[in-house]
Amino acid sequence: MHPEFLPGRRGRLHAVHYAPAAGVAPRGGVLCLPPFAEEMNKSRRMLALAARRLAAAGWGVLLVDAYGSGDSEGEFVEARWDDWLDDYAACADLLRTRHPGQLVLWGVRTGALL
């Protein structure tokens with residue numbers, strides 16, 4: 001598990017990267033588009049547990065807080081849907097660079113709408 005800040009369209013995005021386990025054949029990357037607000041607070045632990053299991057199976061996983069939410073920069077009132085789409089597209093590109101192979105989008109609740 002490696003927490004980091006990634007560049008976003010309007011500010012830095014807080015992300016947690018889970019690298020594939022050593023000794024396991026790499027399979028690709030999984031980008032988690034998380035739920036929003038209180039739903040994210042309630043599900044953060046389960047998402048982290050699932051990300052660890054995916055990493056153990058050879059996936060690189062990236063959990064990213066959208067701009068204006070979680071530990072990312074910005075305030076919710078500044079957040080825009082189009083910004084979130086652009087930010088997650090850039091995160092997908094980064095994940096493809098780090099973990100060549102299949103890219104999986106893992107949308108949870110509001111993240112699935114994105």
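A salt bridge here is a side-chain nitrogen of Lys or Arg within 4 Å of a carboxyl oxygen of Asp or Glu. A search of the whole structure turns up eight of them. This is a predicted model, where local features need pLDDT of at least 70, side-chain atom pairs count only at pLDDT 80 or more, and totals for chains, interfaces and linings use all residues. Residues are numbered from 1 along each chain as its sequence is written, and side-chain values use heavy atoms, with hydrogens and water left out.

**View 1. E39 pairs up with R109.** The closest N and O atoms of this salt bridge are 2.7 Å apart. E39 sits in helix α1 (residues 38-56) and R109 in the loop between β5 (102-107) and α3, so the pair ties together parts that are 70 residues apart in sequence. Helices (H or I, at least four residues) and strands (E, at least two) are DSSP runs, numbered from the N terminus. E39 counts as partly exposed at 31% relative accessibility, while R109 is exposed at 57%. For these labels, buried means under 20% relative accessible area, exposed over 50%, and partly exposed in between (1.4 Å probe, protein chains only).

**View 2. D65 meets R44.** In this salt bridge, the closest N and O atoms are 3.4 Å apart. D65 is in the loop between β4 (59-64) and α2 (81-98) and R44 is in helix α1, so parts 21 residues apart in sequence get tied together. D65 is buried, at 4% relative accessibility, but R44 is partly exposed, at 33%.

**View 3. R96 and D93 share helix α2.** They are three residues apart, about one turn of the helix, and their salt bridge has its closest N and O atoms 2.8 Å apart. R96 is partly exposed at 43%, and so is D93 at 46%.

View 4. H14 has a relative accessible area of 14%, so it counts as buried. Leaving out residues up to four places away in sequence, H14 touches P3, E4, F5, L63, V64, D65, D71 and S72; touching means heavy atoms within 4.5 Å.

**View 5. W81, L85 and L113 make a nonpolar surface patch.** Together they have about 310 Å² of accessible area, from the Shrake-Rupley method with a 1.4 Å probe, where for residues only the protein chains shown count as cover. Patches are made of residues with over 30% relative accessible area and no salt bridge: like charges are joined within 9 Å, nonpolar side chains (Val, Leu, Ile, Met, Phe, Trp, Tyr) within 5 Å. L113 belongs to helix α3 (residues 110-113) and is exposed at 65%.
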